[in-house]
Amino acid sequence: MSGRVLVGVKRVIDYAVKIRVKPDNTGVVTDGVKHSMNPFCEIAVEEAVKLKEKKLVKEVVAVSCGPQQSQETIRTALAMGADRGIHVEVSGKDYETLGPLQVSKIMAALAKKEDAQLIILGKQAIDDDCNQTGQMTAALLDWPQGTFASEVTLDGDKIKVVREIDGGLETIKINTPAVLTADLRLNTPRYATLPNIMKAKKKKIANVKAADLGVNLTSRLETVEDLVGKLKEAGKV
Amino acid sequence: MKGKYRRTATFSRELHLGPGGSASSPAAAPQRLPFSRVTVEDLTFFRKTLPGRAITDPDLVQSSNEDWLKSVRGSSEVLLRPQTTQEVSQILSYCQSRNLAVNPQGGNTGLVGGSVPVYDEIILSTSLMNNILSFDKISGILTCQAGCVLENLSLYLEERDYIMPLDLGAKGSCQIGGNVATNAGGLRLLRYGSLRGTVLGLEVVLADGQVLDCLSTLRKDNTGYDLKQLFIGSEGTLGVITAVSILCPRKPKSVNVVFLGCETFDQLLKSFQLCKGMLGEILSAFEFLDSECMRLLNTHLKLANPISDCPFYIVIETSGSDSDHDSQKLHNFLEEAMTSLLVTDGTVATEESKIKTLWSMRERVTEALTHDGFTYKYDISLPVERIYQLVTDMRQHLGERARSVVGYGHVGDGNLHLNITSSAKDPALLASIEPFVYEWTARFQGSISAEHGLGLKKRNYIYYSKSRPTVAIMGKMKTLLDPKGILNPYKTLPDDLK
């Protein structure tokens, strides 16, 4: 039992930023725009670090797929308490078409390579709102999944997960290894404190290519058009 | 129609007893001066000049009669909302000829009772004068009407890669005309200087309705006396500002906010010195709050402490043009501050959302205080090494009589915000606080109002910071520009000048 947790962290446009669609409607302006870690991924990192602090897992590995700047996102995870990072470098056209299917293939491959017992992801990313990566990863690995988790309790080799569903809360018990996806109320992510920020600079981030993991990044999806709704005039009362 | 408008002289006198409750407190309102009262004919003129924008409905006028702190309330019955400079000119010309008192009002966020009537002064609101007139992308010079809300100007500029040179907690409501009239300081003064440097020109309407066009957009112009400086900080008593041209800095590419904890105020000051040395040119704000402020933020606003509990907290902001360079400088500073044990804990934010959260720990202290009870606010400038001593001395002096005594503010500018709360208005408590706080300040040659101004509440304390001959000349300027004294009477200048 390696006691190793993989946490996926995605670099997205910061939620406080005003989004602008490109003039040719092919996508959203990302150049020079403030990016940060997806808020649900922060919650995932926090949960993993908490498990380590309770000595229920031994190592937290933060993973991010994307261009060079994704390393900043991994550093933030390290500053929050992750032990090391893995940067799967994806750039250019491959990055534009990178989606849940490709990322879940990468996570599955890494889980096998790193002998992970647990994968924790955010339930969805705030840029695409796909809410698919966790589920696809579990399917590829044939692992049980505890999605929309608002409470996680490790119980021997099983995990009790309280899930947020339309009707209220559902409690399930699943075997490990497993995939969990974090919902909003799972925890409140800590601020990275100075001593940890300093320590994080010395932690290792390994560079890996998707091809080395045997993953094909081609996508079968093509964005046809990105439209922004017409701004309505203010009404009069 | 004549009997419909109440005579409100005695009624307002009772409302206007100021924070002390006693008519003899220096902060209390003086007797009503013999201005004319608004008649039906006056209303006809206002309605003709400002169709649909001369408001007399008591429900609508009420909120403009009371300040943000809900500490002072007037009894004006007329609220005027001009849209153009010409309309302001017509109104003032008329009011001067009729000897009617006028209270210019912007966002009504002032903290010294200067923005609301004392008696039945006509409220002249700039809220509808909210057009941006021009913006030069190359020089960064913005020209706009006085009623533009500061936050709206910031949003406009940010889209064009610029920012306003000032920023304050009231940004969502305060208007630029009011900011200039009160020479507002704020969180960025450390980096961009005061409005006295960034305001390039003003358009002002004088008490007789004359429009003074000093709306220059030149960076340098040494041709004669710089009249606009008279109106900056004049609190609406020398003229009504109707337009402003202001020099705006470029939006920084890289902004970092650091929240640090210190054990002692001495370490805080040493951190400041270290900060200036290592971050110097990228430093854009250096603010502090004490543990009492943190307690109020936790209790009343449910804002959690981002770090561990410390006696003092610092908020440092850096703004620069290169994020790699700035991160390196910041990293070096933080490492030095930690290894030399000046700082015991801290956290850093580079992302917009986290930056907003860290800043709210400092910006929302004022709000937290309003939930703690009746607040006595003091805005003091002191030699920076003395700043916290006033807080500790006040705590000792008041003992159990006050609910909370907190200190926070622009420590980088030597400006302390000392606030004392009690469960209700307490004249005995006030008598203990004043004049103790002013005498203490005067002893160290400080200012009894660093940035909030004098308004109604502090007008009679001016002599703690300015000499009699100086104040006498201020009186002469007032008489020169407003011979009948109709502009914002009872404010800014002390009663003994009249």
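Predicted model: local features only at pLDDT ≥ 70, side-chain atom pairs only at ≥ 80, totals over all residues.
A residue counts as buried when its relative accessible area is under 20%. A:Glu42 is one of them: its relative accessible area is 12%, so it is buried.

Start with the partner of A:Glu42. The side chain of A:Glu42 meets that of B:Lys354 in a salt bridge, with N and O 2.2 Å apart. This pair crosses between chains. B:Lys354 lies in helix H13 of chain B, and A:Glu42 lies in helix H1 of chain A, residues 39-53. Side chains of opposite charge can pair when their charged atoms come close.

Now widen the view to the whole interface. On the chain B side, 23 residues make contact, and they touch 18 residues of chain A. The size of an interface is often given as the accessible area lost when the parts come together. Here chain B and chain A bury about 1700 Å² between them. Carbon and sulfur atoms account for 61% of that area. The interface of chain B and chain A holds 1 salt bridge by the rule used. Polar contacts across the interface number 6 residue pairs, both residues being at pLDDT 80 or more.

Which elements of chain B supply at least two residues each to the side that touches chain A? They are helix H5 (150-159), strand S10 (254-262), helix H12 (323-339), strand S13 (345-349) and helix H13 (352-363). H13(B) gives the most, with 7 residues. By class, this side of chain B has 10 nonpolar residues, 6 polar ones and 7 charged ones.

Salt bridges also occur within the chains. Over all chains, the search finds 35 of them. One joins A:Lys10 to A:Asp127, with the closest N and O atoms 3.0 Å apart. The two residues are 117 residues apart, so this pair links distant parts of the chain. A:Lys10 sits in the loop between strand S1 (4-8) and strand S2 (11-13) of chain A. A:Asp127 sits in the loop between strand S6 (118-122) and helix H5 (133-141) of chain A. Are these two buried, exposed or partly exposed? A:Lys10 has 28% relative accessibility and counts as partly exposed. A:Asp127, at 46%, also counts as partly exposed. Elsewhere in chain A, salt bridges form a network that links A:Arg4, A:Glu59, A:Arg84 and A:Glu114.

Chain B has a pair of its own to inspect. The side chains of B:Glu87 and B:Arg53 meet in a salt bridge, 2.9 Å from N to O. This pair too links distant parts of the chain, 34 residues apart. B:Glu87 belongs to helix H4 of chain B, residues 85-98. B:Arg53 is in the loop between helix H2 (40-49) and S1 of chain B. B:Glu87 is buried, because its relative accessible area is 11%. B:Arg53 is buried as well, at 13% relative accessibility.

That loop leads on to a sheet. Strands of a sheet pair through backbone hydrogen bonds, either parallel or antiparallel. In chain B, 4 strands form an open sheet in the order S1-S2-S4-S3, with mixed pairing. Strand S1 (54-55) and strand S3 (102-105) stand at its edges. Each has a single partner strand, so one side of each is left without a neighbour in the sheet. S1(B) runs antiparallel to strand S2 (residues 79-80) of chain B, and 2 bridges join them. Within this pairing, B:Ile55 stands opposite B:Leu79 in S2(B).

Methods: Residues numbered from 1 in each chain as written. Chains lettered and ligands numbered in written order. Heavy atoms only, no water. Contact = heavy atoms within 4.5 Å. Buried area = accessible area lost by both parts, 1.4 Å probe. Salt bridge = Lys/Arg side-chain N within 4 Å of Asp/Glu carboxyl O. Polar contact = N/O pair within 3.5 Å; in protein donor to acceptor, adjacent residues only side chain to side chain. Nonpolar A, V, L, I, M, F, W, Y, C, P; charged D, E, K, R; others polar. Pairing = 2+ DSSP bridges. Buried < 20%, exposed > 50% of the residue type's maximum accessible area, 1.4 Å probe, protein only.
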